[in-house]
Amino acid sequence: MSKIAIIFGLGPRIGQPAATKFHNAGYKVATVARTPDTSTTDDFLHLTADLNDPSAVKPIFDKVESHWDQSPDVVIYNAGALVPTPTNPLSANMDDFVKSFNVNTFTPYSAASIAYERNHAVTCLLTGNAFNTLVNPRFTTQGVGKSATAHWIQAAAKAEGLRPARFYYCDQRTPEGEPCYTGLKGDAHADLFLRLAEDPEQGEPIVVFRA
C-alpha cells in the first residue's frame with residue numbers, strides 16, 4: 001500500500017518540489033492551497049482551503065481519507081503569513097495579527113493534532129525559519145507564530161507517549177549559516193523532508209540546514 005503525504009501550501013518554491021519529490025518516491029500526494037488546481041489524478045489530489053481558518057483542516061483530512069481510504073503518513077506544513085511591521089512592532093491591527101497567528105500556529109497545530117489522532121506513526125514537518133529564536137521588529141507577527149509553533153513541535157517531539165510519530169521544524173540557512181530571508185531552495189527542503197519522513201526515529205526536532 002502506498003504511503004500518503006499531504007502538503008499544506010503549494011507554493012512554487014517549496015510546496016511543488018516537495019510534492020514532486022514524494023510522488024517520485026512512490027507516495028500518493030495531496031496538496032492544499034487557496035487556488036484551485038486541475039492536476040488531480042489517481043496519485044495526486046488537490047484541495048482548496050483557506051488556512052487562515054483552523055477549522056478548515058478537519059474537512060481536508062476527511063476528504064483525503066475518503067479519496068484513498070487511508071490516513072496520511074506525512075504532513076508537511078508549508079503555509080505561512082506575514083504582516084510587516086516596518087517601523088513599529090505594535091502596529092499590526094488585531095485582525096491581521098490573529099490571521100497571521102492562525103496560519104503560522106493554530107492551523108499547523110490543528111493539522112498535527114488531527115494527523116496524530118488518525119495515524120500514530122505520522123511524521124509532521126513544518127517549513128520554519130530563524131524567527132523561532134531571531135527577534136526582528138520588522139517581522140514581529142511571523143516571529144510570534146514561528147516561535148510558538150517551534151515550542152509545540154519540540155514538546156511533541158519530546159513526548160515519548162506520542163511515539164512512533166515524529167515532529168520537525170525545518171530552518172534553512174545560507175551556506176554561511178546566516179538566516180535565509182530569500183533564496184529558499186525547494187529541492188533542498190524536499191530532500192530533507194523525505195529523509196526525515198523515512199527515518200523511523202525522532203531526531204532533534206529543530207533542524208537547521210544550509211543550502
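Where is the place of Asp69? Select Asp69 and you land in the loop between H2 and S4. Those labels are DSSP runs numbered from the N terminus: helices (H or I) have at least four residues and strands (E) at least two. Before going on, a quick note: this is a predicted model, in which local features need pLDDT of at least 70, side-chain atom pairs count only at pLDDT 80 or more, and totals for chains, interfaces and linings use all residues. Residues are numbered from 1 along each chain as its sequence is written, and side-chain values use heavy atoms, with hydrogens and water left out.

**Stop 1: Asp69 up close**

Asp69 has a relative accessibility of 69%, so it counts as exposed. The cut-offs are these: buried is under 20% relative accessible area, exposed is over 50%, and partly exposed is in between, with a 1.4 Å probe and protein chains only. Now check the backbone: phi of Asp69 is near 55°, a positive value in a residue other than glycine. Most residues other than glycine have a negative phi.

**Stop 2: H2 against H3**

Next, select residues 57-68 for H2 and residues 94-118 for H3. Two packed helices are described by the angle between their axes and the distance between the axes. Here the angle is about 40° and the axes are 9 Å apart. (Axes are lines fitted to C-alpha atoms, for helices over the stretch in contact, and angles run from 0 to 180 degrees between N-to-C directions.) H2 and H3 are therefore oblique to each other. For reference, angles under 35 degrees count as roughly parallel, over 145 as roughly antiparallel, 65 to 115 as roughly perpendicular, and the rest as oblique.

Show the side chains now. From H2, the contact is made by Val57, Lys58, Phe61, Asp62 and Glu65; from H3, by Thr107, Ser110, Ala111, Ile114, Ala115 and Arg118. Contact means heavy atoms within 4.5 Å. By class, this contact of H2 with H3 has 5 nonpolar, 2 polar and 4 charged residues. (Ala, Val, Leu, Ile, Met, Phe, Trp, Tyr, Cys and Pro count as nonpolar, Asp, Glu, Lys and Arg as charged, and the others, Gly among them, as polar.)

**Stop 3: H3 against H4**

In H3, look for Phe97, Ser100, Phe101, Asn104, Thr105, Pro108, Tyr109 and Ala112. They meet Thr141, Gln142, Val144, Gly145, Lys146, Ala148, Thr149 and Trp152 in H4. The residues of this contact of H3 with H4 divide into 8 nonpolar, 7 polar and 1 charged.

**Stop 4: Gln154 and beyond**

Stay in H4 and pick Gln154. With 27% relative accessibility, Gln154 counts as partly exposed. Leaving out residues up to four places away in sequence, Gln154 touches Pro205 and Ile206. Gln154 and Ile206 are 52 residues apart in sequence, yet 7.3 Å apart in space, C-alpha to C-alpha.

Now slide along to Pro164, in the loop between H4 and strand S6 (166-173). The peptide bond from Arg163 to Pro164 is cis, with omega near 10°. Most peptide bonds are trans.

**Stop 5: His46**

Select His46 in strand S3, residues 44-48. Is His46 buried or exposed? At 10% relative accessibility, His46 counts as buried. Its side chain makes a polar contact with the side chain of Thr31, at 2.7 Å. (A polar contact is a pair of N or O atoms within 3.5 Å; within protein, one must be able to donate a hydrogen and the other to accept it, and residues adjacent in sequence count only if both atoms are side-chain atoms.) Also, the backbone oxygen of Thr35 lies 2.8 Å from a polar atom of the His46 side chain.

**Last stop: H1**

Finish with H1, residues 15-24, where Gly15, Pro17, Ala18, Ala19 and Phe22 are buried. These buried residues pack against S1 (4-8), S2 (28-33), S3, S4 (74-77) and H5 (186-198). Just after H1, Gly26 takes a positive phi of about 100°.
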